[in-house]
Amino acid sequence: MPSSRSSYSNDASPRQARQLPVSSGGELPAGHASASGAGNITLHNTPFSVNMSAYNTPSPVPSQIATAAPPPLNRNVQGQQNSTVTAGEVSPRSSVNAPGQAPRRKFMDEGKLRKVSGRLFSESGPRRSTRLSGDATIPVGSSVLPVGGNGSGNSSAKLPGGLSSTKMNASSSLRSGTVRKGHSSAIESSFEDGKKYEALEDSGAEDTAVNSSRRAVQVIMDDEPRIRNRSSGLIGRGSRVAEGSLELLGLLRVLGEAFRHCCMHRCKEALQVFCKLPHHQYATGWVLCQVGKTHFEMVDYYEAERAFSWARRVSPYYLEGMDIYSTVLYHMKEEMKLSYLAQELNAIDRLSPQAWCALGNCYSLQKDHETALKTFQRAIQLDSRFTYAHTLCGHEYVAMEEFENGITCYRSALRIDPRHYNAWYGLGMIYLRQEKYDFAEHHFRTAFLINPRSSVLMCYLGMALHALKRNEEALEMLDQAILADAKNPLPIYQKANVLVSNERYNDALEELELLKEVAPRESSVYSLIGKIYKRINMPERAMYHFGLALDLKPSTADVAIIKSAIEKLHVPDDIEDHL
């Protein structure tokens, strides 16, 4: 039998060999204990031949390594008796292979590993390098570890011939003596295997990502015509929506600009903006009512009536602005149309203030002021914040010469809407008739500041200034009123009165001759011309014009004034003033 030293010379270093007790015959006694003290190794000293295929078993996975030892592994080797090896302190994995040892099998071929998706590794638990590093931290002095075959705690070297008990004892002693060195080698081997595994995993993930990106590009190229058609359809619908939105915004901009001009009483600018609307937008109830109100502010009653009647045809149930329409018909003295309008509005909505305002204007045109006042008060009961109803009540009180009640109604309207210039105008008229010219001038000027385009307000402000003997300011204001509305005869007439008071009779006659063309049937014009001729000592022409004034059927008060002037026709002016 060869010596035991030659048997393990390939696995042990000389230093480790000197630590093994060897007998003189080169054989180890049976039951000899190893000098390492790591554990007791018991071998039967029966020679037997070794079948090498029995030791070529696969390596255990790391999950099989635990603190508790599994049942001992028993093998039958070619009819010989079983050998049981129990080790107390063995390295979990050996990193040194004998020269004749077969290479360890890999877990998976590289080609197969590249086909595995990176997702599989990410979901299958921690990486192999992480597990091996955790296993390497197990202390060397653990109680029991499995030993057998080609396991993690034994060398996988093939023996050249038959294996005796002496060789088994020597190899066991060698492994127990070199456990620390083998442990560190196993850790290094574990890290190297983990790095290789990670490299394979990364390469597989990169290949998977490349293949996925190629498939995605191919899908996009195949679906490009369908995507282009769909996108063109979406763009077409989006463009139509954008065009519609722009058109709507343009329409709202025009309407808002026109309404702003209406609120600021810029009537001409408002009409110009309304004319920019398309015909199908212009011919609507709201727009036509705004146009009618604008003409009403400009004292153009015929155009206002035309716009309101068109609005009635387009929107017969639209009641906004019908109170203004009834006032237009009142000034035009269209009694039949006004009565028909009041009946229609009451039939549509008897509880609307516009219907009762129209009915009140109808009674007022018939000089039934008490009934008209009751209908206006009914409108206020239906809507206490309906400003125009308060103003119409004030007008009726003034017509009945109940000035205090009229002042109360006008002030109620101003509490609701301080910019309601009609109420300011009504207060100025009351104070003018009460000969409180300072108060009248204040209220007329306030109304003029609210509506600086109204020739009527300019005219009455000039009259107040003329009553205060401020004739130059009155002439300037009356000239502005004439420029604002050349068709309005009132400022021309008042300008002639101011010129007469300044003894500018020729200039006054020129203004009145122009006024005769504008208002040929106005009796007051001829009466003033007769007074001028009387002052310039032309009684015949004066009498002629007084007669024309009486023929035009003036009011009762005007008739009394004209007859008094005829009686004093031959009385000098100085004496007439004292009378």
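Reader: What is the relative accessible area of Asp479?

Author: The general idea is to ask how much of a residue's surface a probe can reach. Buried means under 20% relative accessible area, exposed means over 50%, and partly exposed covers what lies in between, using a 1.4 Å probe and protein chains only. Asp479 has a relative accessible area of 31%, which makes this residue partly exposed. Before we go on, please keep in mind that this is a predicted model, in which local features need pLDDT of at least 70 and side-chain atom pairs count only at pLDDT 80 or more, while totals for chains, interfaces and linings use all residues. Residues are numbered from 1 along each chain as its sequence is written, and side-chain values use heavy atoms, with hydrogens and water left out.

Reader: Which residue forms a salt bridge with Asp479?

Author: Side chains of opposite charge can pair when their charged atoms come close. The rule used here calls for a side-chain nitrogen of Lys or Arg within 4 Å of a carboxyl oxygen of Asp or Glu. Asp479 forms such a bridge with Lys495, and the closest N and O atoms are 2.8 Å apart. Asp479 lies in helix α21 and Lys495 in helix α22 (residues 489–501), so the pair ties together parts that are 16 residues apart in sequence. Helices here are DSSP runs of H or I with at least four residues, strands are runs of E with at least two, and both are numbered from the N terminus. Lys495 is buried, at a relative accessible area of 15%.

Reader: With which residue in helix α23 is Lys495 linked?

Author: Lys495 also forms a salt bridge with Glu511, where the closest N and O atoms are 3.5 Å apart. This pair links distant parts of the chain, with Lys495 in helix α22 and Glu511 in helix α23 (residues 505–518), 16 residues apart. Glu511 is buried, with a relative accessible area of 17%.

Reader: How many residues apart are Lys516 and Glu513 in helix α23?

Author: Three residues, about one turn of the helix. Their side chains meet in a salt bridge of 3.7 Å, N to O. Lys516 is partly exposed at 21% relative accessibility, and Glu513 is partly exposed at 36%. Salt bridges that share partners join Asp479, Lys495 and Glu511 into one network. By the rule above, the count comes to 12 salt bridges.

Reader: How many aromatic pairs are there?

Author: Here one looks at ring centres and planes. Rings of Phe, Tyr and Trp (its six-membered ring) pair if their centres lie within 6.5 Å; planes under 30 degrees apart are stacked, over 60 edge-to-face, and the rest tilted. The count comes to eight aromatic pairs. One example is Phe296 with Tyr301: the ring centres are 6.1 Å apart and the planes at 45 degrees, so the pair is tilted. Phe296 counts as buried at 12% relative accessibility. Elsewhere, ring pairs link Tyr425, Phe444 and Tyr460 into a cluster.

Reader: What covers the buried residues of α19?

Author: Start with the helix itself. An expected span is 1.5 Å times one less than the number of residues. Helix α19 (residues 437–450) has 14 residues and reaches 20 Å from its first C-alpha to its last, close to the 20 Å expected. Its buried residues include His443, Phe444 and Phe448. Their cover includes α18 (421–433), α20 (455–467) and α21 (471–484).

Reader: Which residues does Ser455 touch?

Author: A contact means heavy atoms within 4.5 Å. Leaving aside residues up to four places away in sequence, Ser455 touches Ala481, Ala484, Asp485 and Asn488. Ser455 is in helix α20 and is buried, with a relative accessible area of 4%. A polar contact of 3.1 Å joins the side chains of Ser455 and Asn488. Such a contact is a pair of N or O atoms within 3.5 Å; within protein, one must be able to donate a hydrogen and the other to accept it, and residues adjacent in sequence count only if both atoms are side-chain atoms.

Reader: Where is Val299, and what is its phi?

Author: Val299 is in the loop between α10 (285–297) and α11 (301–314). Its phi is near 60 degrees, a positive value in a residue other than glycine. Lys553 likewise has a positive phi, of about 55 degrees, although it is not a glycine.

Reader: How many helices and strands does the protein have?

Author: The protein has 27 helices and zero strands. Of its 579 residues, 40% count as buried.
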